[in-house]
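User: I have a structure open and would like to talk through how it is put together. Can we start with the strands?

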Number of protein chains: 2
Amino acid sequence: MGTPLPRDPIADAQRNWERHGWGDVAAPMAAITAIMRTQQILLARIETVLKPFGLTFARYELLALLSFARSGALPMNKASALLQVHPTSVTNAVDRLEKAALVARSPHPTDGRTTLIELTADGRSLAKKATAALNAEVFGKSGFGDDDVDHLIRVLGTFRRDAGDFTDD
Amino acid sequence: MGTPLPRDPIADAQRNWERHGWGDVAAPMAAITAIMRTQQILLARIETVLKPFGLTFARYELLALLSFARSGALPMNKASALLQVHPTSVTNAVDRLEKAALVARSPHPTDGRTTLIELTADGRSLAKKATAALNAEVFGKSGFGDDDVDHLIRVLGTFRRDAGDFTDD
DNA sequence: TCCAAACCCTTGGATGTCCTAGTATATTGC
DNA sequence: GCAATATACTAGGACATCCAAGGGTTTGGA
């Protein structure tokens, strides 16, 4: 997984698709495959930066989300909805963050079904440091040009809205 | 995970970044987060289409790769390199595909360290059907415009090359 | 009022990915 | 020719994601 390939495997796949008579979907296939691979590369970079903090991306996302909440606390189902992951994934992440004393569970004051998750002081401090590291090492060195960033945000935003992620503008 | 949110959570995150004085990296952060989320949506679509065939995306990718090999067989290390996943992931996929009689392991004729994986007749047939389904249900309905597809292929291609995935242009 | 339906979280199981060894085979260098 | 290094695959463990199922809580209609 370390040595660069002599040729782009996705371009090869696109050529294979065309050669087999699927030219009409070869380009979207290549674009989708490229998105999958790019995600893999980005995730690896992010996890590398977060590792020294003892965080994974899933746990970091939860910490970051909580750090932006006015009260510093959110119901688990709300976190699940905003992070757009399955509720069991949130349970899993909270279990580990709680064990590390970065968040705490507390019962919802009026709804007995709901559990609130709240940042601890350590959690808030670590979130801030991890965010600074990600900004410096990943987001600040994405390698995408400004125009490409804008284009990605717009195109993928449309895609996500059409896919049913959200409903506004 | 089913109900659409009233607002785009990634746009909200971008605003939060700007509000906290990280405006210089807010846009790349949003673009990268959008890529992560888009990959999640696409993977879910793909797995939904593949489920009736008893395949996951990882196993499908291996079948598809083998179906394009001249001899229908590849060394495991070659498959690992071309799919750009860890060798243990290939071992895992081959274990399951072999159990389903879709591929077979055989020793390399001259290098005793190497194991070849080869499509069975069932494997080749299933790969063809699964590809047709993916072309019809996912790649043919990506929702990306033609111009956007071209742009994605170009921008993400540059990113992947810069990231060290491959060396040719 | 009261019970069925809806909702919330957790547990257990299946998959996939990576990492760190460990074993076996090849290749290289002295 | 033989030891040291490199390469190929596999085993075991940590994490994350999803689904299915279960137990507790709330809500809403009969």
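Analyst: In chain A three strands form an open sheet in the order E1-E3-E2, with antiparallel pairing. Strands pair here if DSSP finds at least two bridges between them. Helices (H or I, at least four residues) and strands (E, at least two) are DSSP runs numbered from the N terminus. This is a predicted model, in which local features need pLDDT of at least 70 and side-chain atom pairs count only at pLDDT 80 or more, while totals for chains, interfaces and linings use all residues. Residues are numbered from 1 along each chain as its sequence is written, and chains are lettered from A and ligands numbered from 1 in the order in which they are written.

User: Which strands are at the edges of that sheet?

Analyst: Strand E1 (73-75) and strand E2 (103-107) of chain A, each of which pairs on one side only. On average, neighbouring strands of the sheet are turned by 30 degrees against each other, direction ignored. Axes are lines fitted to C-alpha atoms, for helices over the stretch in contact, and angles run from 0 to 180 degrees between N-to-C directions.

User: How many bridges join E2(A) and E3 of chain A?

Analyst: Five, in the antiparallel sense, with strand E3 covering residues 115-119. Pro107(A) has Thr115(A) in E3(A) as its bridge partner.

User: What packs on the sheet?

Analyst: H3(A) does, touching E1, E2 and E3 of chain A, and its direction makes about 85 degrees with that of E3(A). H4(A) also packs there, touching E1 and E3 of chain A, at about 90 degrees to the direction of E1(A). Two residues are in contact if their C-beta atoms, placed from the backbone, lie within 7 Å.

User: OK, chain B. Which strands pair with E3(B)?

Analyst: Strand E1 (residues 73-75) of chain B pairs with strand E3 (residues 115-119) of chain B in the antiparallel sense over three bridges. Leu74(B) stands opposite Ile117(B) there. Strand E2 (residues 103-107) of chain B also pairs with E3(B) in the antiparallel sense, over five bridges. Opposite Glu118(B) in E3(B) is Ala104(B).

User: Switching to helices. At what angle do H3(A) and H5(A) cross?

Analyst: Roughly 85 degrees, with axes that come within 10 Å. They are therefore roughly perpendicular to each other; angles under 35 degrees count as roughly parallel, over 145 as roughly antiparallel, 65 to 115 as roughly perpendicular and the rest as oblique.

User: Which residues meet there?

Analyst: Ala58(A), Arg59(A) and Leu62(A) from H3(A) meet Ser89(A), Ala93(A), Arg96(A) and Leu97(A) from H5(A). By class that contact has four nonpolar, one polar and two charged residues. Ala, Val, Leu, Ile, Met, Phe, Trp, Tyr, Cys and Pro count as nonpolar, Asp, Glu, Lys and Arg as charged, and the others, Gly among them, as polar.

User: And H4(B) with H5(B), left-handed or right-handed?

Analyst: That crossing is right-handed. The axes of H4(B) and H5(B) come within 9 Å and cross at roughly 110 degrees, and the two helices are therefore roughly perpendicular to each other. Met76(B), Asn77(B), Ala79(B) and Ser80(B) of H4(B) meet Pro87(B), Val90(B) and Val94(B) of H5(B). The residues of this contact are five nonpolar, two polar and no charged.

User: What does "right-handed" mean there?

Analyst: A crossing is right-handed if the near helix is turned clockwise from the far one by less than a right angle, and left-handed if anticlockwise.

User: How many residues of chain A are in contact with chain B?

Analyst: 53, and they touch 53 residues of chain B. On the chain A side, helix H1 (9-19), helix H2 (23-50), helix H4 (76-83) and helix H7 (146-162) each supply at least two residues. H2(A) gives the most, with 15 residues. That side of chain A has 31 nonpolar, 13 polar and nine charged residues.
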